[in-house]
Amino acid sequence: MTTGQAEQGATGWIADALREHQDAERHERGAHPTGHDHNSAGSDPTTPRSAGSDPTTPPHRRPVADREQQVLDRIDRARRRRPKVREERITMSHGAGGKATQTLIEAIFLDAFRNPLLEPLEDSARLEVGAATVALTTDSFVVSPLFFPGGNIGDLAVNGTVNDLAVSGAVPLYLTAGFILEEGFGVADLTKITESMRDAAAAAGVRVVTGDTKVVERGKADGCYINTAGVGLLDPSVSLGVAEARPGDAVLVSGPIGDHGVTIMLARGELDIEADVRSDTASLAGMVAALLAAVPGVRALRDATRGGVATILNEIAKAADVGVVVAEEAIPVRTEVRGAAELLGIDPMYVACEGRLVAVVAGDQADHALAALRAHPLGEQAAIIGEVTADPPGLVTLKTVFGGTRIVDLLVGDPLPRIC
Amino acid sequence: MRFVDEFRDADKAHALAARIAALCEPGRQYKLMEVCGGHTHTIYKHGLEDYLPESITLVHGPGCPVCVIPMGRVDDAMHLASRPDVIMTSFGDMMRVPGSNGSFFDAKARGTDIRMVYSPLDSLKLARANPDKRVVFMAIGFETTAPSTAMTLLRAKAEGLSNFSVFCNHVTIIPAIKAILDSPDLRLDGFIGPGHVSTVIGCRPYEFIAADHGKPVVVAGFEPLDILQSIYMLMQQLAEGRSEVENQYSRVVPWDGNLVALRAIGETMELRPYFEWRGLGFISHSALRVRESYADFDAELLFGVPGVRVADPKACQCGEVLKGVLKPWECKVFGTACTPETPIGTCMVSPEGACAAYYNYGRMTRQRVPQAIELSSRP
């Protein structure tokens, strides 16, 4: 009879969260209901967000709608509060690319390393070195299984870093490669991996110029982990960033989404589902160069990796304090990927890609951008999936094929399949 | 994609919405409960409320398997999992449910061996592969998932596996519906019946709702058009003053259920005298335990569990939400202290929980689509 002391039963963080909640409530009651940090449309009298203020709303509904709006505003404020890691230990959610990852980055890493170059939290940092403008990025790879249809950890490690440079508008030049190997790992496998890296680097026009090797005891790692860092050269006149998104801009994706994530899930063999899917891992450098050369109004590019397209859209909405509205029927998803996702109860919008980008371009340039993407072999199925709006700020909404509307929020952790 | 797209057709939805709106009596308010969490998920994921007139309110019911597990049972599971010789397994939905000392995810981070499985048969595989460990499957869910647990027990016995057991938390839907019908704080006009549960138990068990309580029931599928059609069928019954059990999901649900599945459940499990439901309290004959003839596979008997009742944090109003008395956003801590990242109550954990569905998909003021009313006013 060790567990369960009735009322003190709550864990540390539950008690913590409740205390914070009460403090915030007290503060709200004391101060004016709209604090300084409050920047939502709810406080903007020109935006008719509340059904209560809508004269067509039947009177008996109004109080409820108003109360609901108050709650939604309160949530909005809660979401804008300073992030805090409540868990005592790192859980798998912290690595899933969703809310937990973002909280970890902002509350721990950004807090410790804070500087103006890091703060934008873009895919790569923009540095002035002498007369040159340089992009610098790094990425680690721990994929399991190491080999999967369409690629392996090697080409993934090269393309991932190349793409982080490319989407910041840089021409990728040089990479580093760090290996953490587990005692007992097959040399033949290592050779295969490095050959893939060599080929991927050649295809992307980059060279691996320095590296590092560590070996750890059996059981202390899972075969092979790779870290790559990369530098690229930026055209000083090009300035891309998700914070640049403006209402009226168009949002595009460069091809069908979710291929990589679903491939990996199926390659693990735990699901007994077979489907003809391959990872989309590829260098985006060529396509980005073509897009930037053809279209002047590109505001931001992102490669949709962990967390999928949905996470990128949320980053845009948050960074630029704009709304992003996408149409479900416009989003390209392969039938095989959609089928597997339906079976597993996951949403392709959150599934990782490794060779797809999301582009935000000025509205009047949307068609040019689409044509430029489609002219490239990787972008044949590119599509305009939505637009940037003024309202509601910070939120991504999806018009469903069915004709309804829903929010597309950041995921908390891994997409968990529904059980019934 | 076949068998999916035809059930998400916007034109058909508009037509149905118009017919539903036409059936609304002016000035009358309708409260319909979707019993199953799968329906709640569909409703929010596809923005289905956009198609309904203001006078129809959907009330979210208790049919979310994760949501109804009381905190004490999570603690019991944690107690089992913390044994060094045990590998605990459960469905993904269980991983984030908070017990009084954190969730499975937190326990996993502390070094407890907890693994996510997609089927109890995967737990059986684990047991075969780890003969020196004792694999426990934490079984949760309504009659929907009970047959797969039953099949696993049958197979484990047939194979003579000695290191596999089930921590059984299966619940049954009918007593929960009874509890809601008997609850004084809620007046419902009809029920959207749980489709997946009904594939196993059939439609007959709902007959008392129509006969004794005078409320219509329509067993519904899980695509958005299924649900809209079910609402239409309920509204038709109400307009005509009927109360019957109807089966909208006849492409999957046989009227008499799945006898093979029911037999497997009966062979391996039996009703508990009573079981605690989160928010609803103790309900008699509302849950299943492993039958005595399968005692060798019953984790509760093999290991013993503390079985302490743990009260929910005071601020948590999951009970009211589960009974449909409160809308998710009416809970005091909704979206502020209780969010999908840090769920205090179970309704915020599972994607089928009303709070999580509302927070993730529905959290915005709806500009209700007026087409339905517009269309219905046309000659």
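In this predicted model, chain B holds an open sheet of five strands, whose order is β2-β1-β7-β8-β9 and whose pairing is parallel. Because β2 (56–63) and β9 (245–247) of chain B each have a single partner strand, they stand at the edges, and one side of each is left without a neighbour in the sheet. Across this sheet, neighbouring strands are turned against each other by 20 degrees on average, direction ignored.

Strand β8 (residues 217–219) of chain B is joined to β9(B) by three bridges, and the two strands run parallel. Within this pair, Val217(B) has Val245(B) of β9(B) standing opposite.

The sheet also has a helix lying across some of its strands: α2 of chain B, made up of residues 37–45, lies across β1 (30–36), β2 and β7 (190–193) of chain B, and runs at about 120 degrees to β1(B).

In chain A, the reader can turn to a pair of helices. Two packed helices are described by the angle between their axes and the distance between the axes. Helix α6 (residues 259–267) of chain A packs against helix α9 (residues 335–344) of chain A at an angle of about 60 degrees, and their axes are 10 Å apart. The crossing in which α6(A) passes α9(A) is left-handed. Where the helices meet, α6(A) contributes Asp259(A), Val262(A) and Leu266(A), while α9(A) contributes Val337(A), Ala340(A) and Ala341(A). Of the residues in this contact, five are nonpolar, none is polar and one is charged.

Key: Residues are numbered from 1 along each chain as its sequence is written. Chains are lettered from A and ligands numbered from 1 in the order in which they are written. This is a predicted model: local features need pLDDT of at least 70, side-chain atom pairs count only at pLDDT 80 or more; totals for chains, interfaces and linings use all residues. Two strands pair if DSSP finds at least two bridges between them. Helices (H or I, at least four residues) and strands (E, at least two) are DSSP runs, numbered from the N terminus. Axes are lines fitted to C-alpha atoms, for helices over the stretch in contact, and angles run from 0 to 180 degrees between N-to-C directions. Two residues are in contact if their C-beta atoms, placed from the backbone, lie within 7 Å. A crossing is left-handed if the near helix is turned anticlockwise from the far one by less than a right angle, and right-handed if clockwise. Ala, Val, Leu, Ile, Met, Phe, Trp, Tyr, Cys and Pro count as nonpolar, Asp, Glu, Lys and Arg as charged, and the others, Gly among them, as polar.
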